[in-house]
Amino acid sequence: MDAETDARWVPVAVSADILDGTVAPARLPRRPIAVWRSASGNIYANGDRCPHRGMRLSHGFVRGETLSCIYHGWRFGTDGACQKIPAHPAVAPPKTINCGALPAMEGNGVIWAAAQTPPDKPADFAGYEALRSLVIAATPDAITHASDGEPIVGATKMRLDGHNAILLMNGLGPDEVFVVVLIEADLSVPDRLSVSAAVERLRRAAETAGNAA
Amino acid sequence: MTAEAMRDAWYPVGLLSDLRVEGKDSLLLGQKITVYGSKTGAPRVKSDGRNLPVVERFGHLWTSLGTPVKDLFTIPEADHPDRTLVDVGVVRVKCSPLRAVENFLDIAHFPFVHTDILGAESHPEVSEYKVEIRDEVDEVWATKVEFFQPQAAKSAGGGITTEYMYRVPAPTCSVLYKTCPPRPGEWDVIALFVQPLTEDLCDVWPWMALFDDESPITDLIHFQQLIFLQDRSILENQIPKRLPLDPAMETPTRADLTSIAYRRWLKRHNYTFGAQLVAE
C-alpha cells in the first residue's frame with residue numbers, strides 16, 4: 001500500500017458507459033476493479049475478484065442494489081459484504097467475507113474510484129462533461145507533448161479540432177494510459193464527432209512518437 | 001516451481017483416432033514433446049531425442065516424462081459392452097491444469113454457469129455429501145453428491161435430482177459417475193483428462209462412456225462441448241491464474257469439500273505444477 005498514491009481519485013470509466021444494473025471491468029493503477037451501477041442508478045466499485053474462488057466480479061450480474069459473482073452466485077452488497085451464498089441458503093455468510101468495496105464517485109460524467117478514501121472530492125471541471133474514453137499505448141508526457149497540451153491541476157487542457165478539451169489520464173502501466181476526454185457541455189453532435197476523431201489522431205501521434213523514441 | 005513429483009504421472013497427449021504419422025509437436029509440463037502415430041506399430045512420444053513410455057487407453061494416448069510408479073488408472077465401469085464411448089476432442093484453456101480439474105469437481109456453479117442445463121437458479125442448494133482420500137488406492141473420492149438438474153444429460157427428458165460420484169485418480173484427471181437417465185441403477189461415466197502444457201495453459205480432453213443408444217454421437221459431443229465452453233469463460237478469468245494451495249487465499253464452504261480434499265491431496269504429493277503455494 002502506498003497511501004500517497006492510493007488515496008487519490010482516479011478516472012476509471014465514463015458514466016454513460018455503465019448502464020443501470022450492469023457491471024464492467026476497470027483499472028486502478030495497480031489493480032483491476034469491477035465498477036457497477038445498481039438498479040437505482042448509484043455507482044459502486046470493488047476489487048475484481050470474488051473471495052470464494054477468485055473469479056472476476058466484473059463478469060458478474062447486478063440485481064437491485066447487489067452484485068453477484070457469475071461462478072457460484074455469491075451476492076455482495078454496496079459495502080462489499082457477502083449477503084448470500086446460494087449453495088447454502090440457510091447459512092448467514094460470515095461478516096468477514098467481503099469483496100472490498102472501494103470509494104467511487106461521479107462528476108462531469110466521469111466515474112472516479114480510489115484504492116483508499118481520498119481526503120477531498122474529485123476535481124471539478126465546471127462546464128465540461130465526458131465525451132468518451134480510450135486507452136493510449138504511450139506515456140502521459142508523450143500524450144501531452146503530441147497534443148501541445150497545457151497541464152492543469154489533475155488534467156491536461158488542449159484544443160482538439162478547434163474545440164476546448166480536457167484529458168484526464170490514469171496511468172495503467174509504463175506505456176499504457178486510460179484517458180477520459182472532457183468537452184464543453186454545449187458542444188453539438190457533429191462537433192463531438194470531430195473531437196472524437198481528433199482524439200484518435202492524437203492517440204496515433206502519441207503512440208508513433210513513443211515507438212520512434 | 002518444481003514439477004518433479006508430477007513428472008512420474010500419466011497424461012493424455014492425443015486421441016488415438018487422430019494421431020499423425022509425421023508427428024505433432026506439443027508440450028507436457030512445459031517441456032517439448034512430439035506425438036507420432038503409426039500405420040503399423042504402436043504410437044510413440046519423443047522428447048529431447050528420448051522415447052517416453054506410452055499407454056493406449058480410453059481412446060487417448062498417454063505418456064509420462066518420468067518413471068511412472070504405477071500403471072495408468074482404469075475405469076472398470078466403462079468396459080460394459082452396451083456403452084457408447086465418446087471421444088469429445090480437445091478444448092484448449094488458458095488456465096492452470098489444476099484449476100480445470102477443480103472446476104470439474106464443483107457442482108455449486110451449475111445454476112450460474114450451466115444455467116437451465118446442469119442447474120437452475122431456483123435450486124442452488126448443495127446438500128451434504130461425503131469426501132475422502134482413499135489411502136489404499138491413493139485417490140480422492142466424493143460420494144452421495146446430489147443435485148437438481150433441469151437437463152442432466154442429452155438423454156434426460158426433464159428435470160431430475162442427479163446423484164454424482166467424483167474420483168481423482170491422477171493429479172490432472174477426474175472421473176465422474178452420474179445417474180444414468182435411461183438406465184436406473186447404472187452410472188454414466190464422464191471423464192476429464194487434462195494435459196498440462198504450462199502452469200497456466202492446458203488442453204482438456206473430455207471422454208464419456210454412456211448408456212445412450214438414441215442420441216447421435218455428434219449431439220453427445222455438442223452437448224459436452226457446450227458445457228466445457230461455458231466452463232472456459234470462468235477458468236480463463238480466475239485470479240490468481242495458478243491454483244492457490246494456501247488456505248488463506250480463498251474462502252471455501254461446505255459445498256467445496258471435494259476441492260478442499262483435492263488441494264490437500266495435491267499438497268501432500270507435491271503435485272504443484274500449476275499451483276501457487278503462498279500468496280503473492
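Modeller: What follows begins with how the model is described and then turns to the pairs themselves.

This is a predicted model, in which local features need pLDDT of at least 70 and side-chain atom pairs count only at pLDDT 80 or more, while totals for chains, interfaces and linings use all residues. Residues are numbered from 1 along each chain as its sequence is written, chains are lettered from A and ligands numbered from 1 in the order in which they are written, and side-chain values use heavy atoms, with hydrogens and water left out.

Let us start with the place where the chains meet. Chain A brings 23 residues to the contact and chain B brings 28, contact meaning heavy atoms within 4.5 Å. Together the two chains bury about 2100 Å², of which 53% is on carbon and sulfur atoms; buried area is the accessible area (1.4 Å probe) that two parts lose on being put together, summed over both. On the side of chain A, the residues that lose the most area to chain B are A:Arg53, A:Tyr71 and A:His88, which together make up 33% of what that side buries.

Side chains of opposite charge can pair when their charged atoms come close. A salt bridge is counted when a side-chain nitrogen of Lys or Arg is within 4 Å of a carboxyl oxygen of Asp or Glu, and by this rule there are 23 salt bridges over all chains, with four between chain A and chain B.

Helices (H or I, at least four residues) and strands (E, at least two) are DSSP runs, numbered from the N terminus. A:Arg53 is buried, with a relative accessible area of 5%, and B:Glu250 is buried with a value of 5% too; buried means under 20% relative accessible area, exposed over 50%, and partly exposed in between (1.4 Å probe, protein chains only).

Within chain B, the side chain of B:Glu250 forms another salt bridge, with B:Arg99, again given as 3.2 Å from N to O. Because B:Arg99 lies in helix H2 and B:Glu250 in the loop between S16 and H5, the pair ties together parts that are 151 residues apart in sequence. B:Arg99 is itself buried, at 2% relative accessible area.

The helix that holds B:Arg99 deserves a look of its own. Eight of the eight residues of H2(B) are buried, so this helix is largely enclosed by the rest of the structure, and among them are B:Arg99 and B:Glu102. At its N-terminal end the cap is B:Ser96, whose side-chain oxygen lies 3.0 Å from the backbone nitrogen of B:Leu98.

For contrast in setting, B:Arg134 and B:Glu132 form a salt bridge with their closest N and O atoms 3.1 Å apart; B:Arg134 is partly exposed at 23%, and B:Glu132 is partly exposed at 25%. Returning to B:Glu250, salt bridges that share partners join this residue with A:Arg49, A:Arg53, B:Arg99, B:Glu102 and B:Arg263 into one network.

Conventions. Polar contact = N/O pair within 3.5 Å; in protein donor to acceptor, adjacent residues only side chain to side chain.
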